Amino acid sequence: MTRRRLRLAYIVNESKRKTSYRKRKNGMLKKLNELTILCGVDVAIVMYNSFESGPVIWPSAGEFLQRITRLLNLPYAEQTRRMMSHESFVEQRLHKLSIKLLKVKKDNREGEMNALMHKILSGERTIDSLSSIDLNDLGWVLNSNLAKIGNKAEEIMRHSSTLASSTLAPAQTLTAFLPGAHSFTTASPFVVSLGTSNVVAPADVFSRYQGTGMQTGPTYGGPGPRYSQNP
């Protein structure tokens, strides 16, 4: 049986809150002791709570004072270099989750546009009903796929040229089986047009959202400049 995910919220029931406090306090002190032994780090904590008459100090009051004195004797920049408040931790976490969410939206939109592209190529759909957002996103997917094809073709040509230079007569051998074929050694480089130059690339689009927050709700993210629900 999997453990139920903990809901991080204040425990209203005093008895349950006290039990949770004691269990987590003992677990934390155990982990701190393991951290000091295994990694050789200096740790000191002080906790105030309503369940005990005085503060909880670890490892002891004397060692706690020594380590706090050491911290206060450092320059202010060193003291605060890795300091993190609850607010800054939440902001950092939200920023990372926003980046992940944006990537998922982009991948979903790209998959959606790839499926649309195949339907258009097979005649199931036409571009007449597409919005300007969908056309832009579809254009980016087409350009991206064409670029992949061009890169693969160039890789094959380079590989073929390498093989041709290491064999005796590649052109004659190929022509013997395919009389109308051109020699790989003399063929022109494979050129693929990247389509329209005004299609907005994902990197250009998503950079606009950095530090500006993100849209939420039933909209989709994609290679285009905005999110669209249209197929």
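Biologist: Is methionine 84 buried, partly exposed or exposed?

Modeller: This is a predicted model, and the classes rest on relative accessible area: under 20% is buried, over 50% is exposed, and values in between are partly exposed. Methionine 84 has a relative accessible area of 42%, so the residue counts as partly exposed. Its place in the chain is the loop between helix H3 (76-79) and helix H4 (86-121).

Biologist: Which residues make the nonpolar surface patch?

Modeller: The patch is made by Met84, Phe89, Val90, Leu94 and Leu97, and covers about 450 Å². For the surface of the protein as a whole, the accessible area comes to about 17700 Å², with 59% of this belonging to carbon and sulfur atoms.

Biologist: How many helices and strands does the protein have, and what share of its residues count as buried?

Modeller: There are seven helices and two strands. From the N terminus on, they follow the order α-β-β-α-α-α-α-α-α. Of the 231 residues, 22% count as buried. Contacts give a further view: among those with a separation of 6 or more, 56% are between residues 24 or more positions apart.

Biologist: How is a pair of aromatic rings described?

Modeller: Two values are used, namely the distance of the centres and the angle of the planes. In this model the count comes to one aromatic pair. Tyrosine 21 and phenylalanine 51 form this pair, with 5.5 Å centre to centre and 40 degrees between the planes.

Biologist: How many salt bridges are counted, and what does the one between arginine 70 and aspartate 42 tie together?

Modeller: The cut-off is 4 Å between a side-chain nitrogen of Lys or Arg and a carboxyl oxygen of Asp or Glu, and by this rule there are ten salt bridges. In one of them, the side chains of arginine 70 and aspartate 42 meet at 2.7 Å, N to O. Arginine 70 lies in helix H2 (residues 61-72) and aspartate 42 in the loop between H1 and E1, so the bridge ties together parts that are 28 residues apart in sequence. Arginine 70 is exposed, at 54% relative accessibility; aspartate 42 is partly exposed, at 46%. Both residues belong to a network of salt bridges that links Asp42, Glu63, Arg67 and Arg70.

Biologist: In which helices do arginine 109 and aspartate 134 lie?

Modeller: Arginine 109 is in helix H4 and aspartate 134 in helix H5 (residues 132-166), so their pairing ties together parts 25 residues apart in sequence. Their closest N and O atoms are 2.4 Å apart in a salt bridge, and both residues are buried.

How values were computed:
Residues numbered from 1 in each chain as written. Predicted model: local features only at pLDDT ≥ 70, side-chain atom pairs only at ≥ 80, totals over all residues. Heavy atoms only, no water. Phe/Tyr/Trp six-rings, centres within 6.5 Å; stacked < 30°, edge-to-face > 60°. Patch = residues over 30% accessible without salt bridge, like charges linked within 9 Å, V, L, I, M, F, W, Y side chains within 5 Å. Areas by Shrake-Rupley, 256 points an atom, 1.4 Å probe, with all protein chains shown as cover. Helix = DSSP H or I, 4+ residues; strand = E, 2+ residues; numbered from the N terminus. Buried < 20%, exposed > 50% of the residue type's maximum accessible area, 1.4 Å probe, protein only. Contact = heavy atoms within 4.5 Å.
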